[in-house]
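Please keep the sequence and the three-dimensional view at hand while reading.

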Amino acid sequence: MKRQDAKPHLTTLFASFLVGVLSVSSLNAQQIHVQNIESGSVLRYPVAILEGELQGEATHHTQLTSASWVEQANLDHRHTIVVNNLSSHLPSRTYRATMFQNQFKALAELVPGENHLQLQCGDTIQNITLYYRPVPSIHKVRFLYVTDSSGDTRYQTQIANDPQDYKAKIDTAAKLMQSLFAERMNKAGLGRKTFTFDTDAQGKAVVTTLRLPYSAEQLKSVSSYRIWSIAQDQIRKRLPNENAKNLVITAFSRYDSKQGKPLGYTSLGGMDFGVISNLGMCSWASSIAEVSNVFTNTTPVDTKQIYNQSAYRNTLWALASTTMGAAMHELGHALGLEHSRNAYCVMSTGYQYFHRGFMVDDAPSDCNILPLHFEEVASVTLEPNLAHQLATSPWMQTSQPISQVAKLPYNRKPFALRPIVH
């Protein structure tokens, strides 16, 4: 063998070794095990979070001593989990997510009634059945998109040909927050209690678009507290409902790249109202099927076009996580929760880890050049005392008579969320 042929030959041998490892892994895969929810369970909300692992692999912790970090990362993420809802005709009936060392988190959007879910990894298939039985409740969360007097609903974006589908993005965020509350309440031993909201005939969250009697320039020139106050006053006068908690998103907020600051920005919550800005909404998922792709989108944030609230990670996946997490944080205030000292709690800086409720690792970013696996203790959480506080709220009940629960007291003034930027 000639000297110059040695390197290609070794490369071929290494590639063959990898193929062999993967083949052995596939042959030894025995079953997909969902660990957080049992087949036959009844859910009162439409999106199930499925957490589990591929069991029976001989190479679960295989390490290639000669492999680079990139090669080892590829080996750790060699499997994909696919969830098909065989009972659904929704566009989101199929969900795909990458595993980390056989561990996975996946989503399944359910239809009312019986749902036959098929989980597949390679040739391994596991079937489970979940039941979605929504229960009517007069205590609901409302989602409102407030515009200036012109009615302009556009949000700033760096996405080419962005469809400006704000209602679809709010619907997806609403379902993710609902499911995450349910899982965190369940882990606190309180059952999968969560909030409910009105839906249309297609099962999408009803999003009310409301014009404020002020111009965009007026709204962009006032303080965040003033925006919160204006939104609260207008909604109370024009859409009164004492049984509603409200998550309000401002359509008129803009990032001024020349000044390097956001205008018309707010992130406040209290007294039945959480108010956030639409800055960063371009990074949100427009359907449940897109969630995994959105939380692995490593496209850099273009600070010439949009506000960078990515917690120093500087990618679109991190921007989506931080801004949807901020929405859940402010909704928590509207539900009566105060701030937490736990850095991973959604009512603290843990809102920036919102994506970890649906993923098994962080996608690459400026803070980690390779996918970063985290332990569940570092996932977004809800402090036990806050979970127990919510447990008696009528807004977190879907089957218990109203007479058996107590209303949480109002917050006397809104809580400010200090934005994490850069």
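## Overall organisation

What share of the contacts in the protein chain with a separation of 6 or more comes from residues 24 or more positions apart? In this predicted model, such residues account for 70% of those contacts.

The secondary structure of the protein chain consists of eight helices and 18 strands. The chain has 422 residues, of which 55% count as buried. Its accessible surface is about 18,700 Å², and carbon and sulfur atoms contribute 51% of that surface.

## Helix α7

Helix α7 covers residues 316-334 and contains 19 residues.

Is α7 mostly covered or mostly exposed? It is mostly covered, since 19 of its 19 residues are buried. After the helix comes G336, a residue with a positive phi near 105 degrees.

## The packing of α3 and α7

Two packed helices are described by the angle between their axes and the distance between the axes. Helix α3 comprises residues 166-187, and its axis comes within 10 Å of the axis of α7, with a crossing angle of roughly 60 degrees. The angle therefore makes α3 oblique to α7. The crossing of α3 past α7 is right-handed.

Which residues meet where these helices pass each other? On the α3 side they are A173, L176, M177, L180 and F181, and on the α7 side they are M324, A327, M328, L331 and G332. An α-helix has 3.6 residues a turn, so residues three or four places apart point the same way. This spacing may be looked for in the view when the residues listed above are selected.

## Two residues in other helices

Q232 lies in helix α5, which covers residues 224-238. Is Q232 buried or exposed? Its relative accessibility is 7%, and because buried means under 20%, Q232 counts as buried. When residues up to four places away in sequence are not counted, Q232 touches M271 and F273.

N74 belongs to helix α2, residues 69-76. Its relative accessible area is 52%, and because exposed means over 50%, N74 counts as exposed. How far apart in space are N74 and L370? They are 9.8 Å apart, C-alpha to C-alpha, although 296 residues apart in sequence.

How values were computed. Residues are numbered from 1 along each chain as its sequence is written. This is a predicted model: local features need pLDDT of at least 70, side-chain atom pairs count only at pLDDT 80 or more; totals for chains, interfaces and linings use all residues. Side-chain values use heavy atoms; hydrogens and water are left out. Helices (H or I, at least four residues) and strands (E, at least two) are DSSP runs, numbered from the N terminus. The expected span of a helix is 1.5 Å times one less than its number of residues. Buried means under 20% relative accessible area, exposed over 50%, partly exposed in between (1.4 Å probe, protein chains only). Contact means heavy atoms within 4.5 Å. Accessible areas come from the Shrake-Rupley method with a 1.4 Å probe; for residues, only the protein chains shown count as cover. Axes are lines fitted to C-alpha atoms, for helices over the stretch in contact, and angles run from 0 to 180 degrees between N-to-C directions. Angles under 35 degrees count as roughly parallel, over 145 as roughly antiparallel, 65 to 115 as roughly perpendicular and the rest as oblique. A crossing is left-handed if the near helix is turned anticlockwise from the far one by less than a right angle, and right-handed if clockwise.
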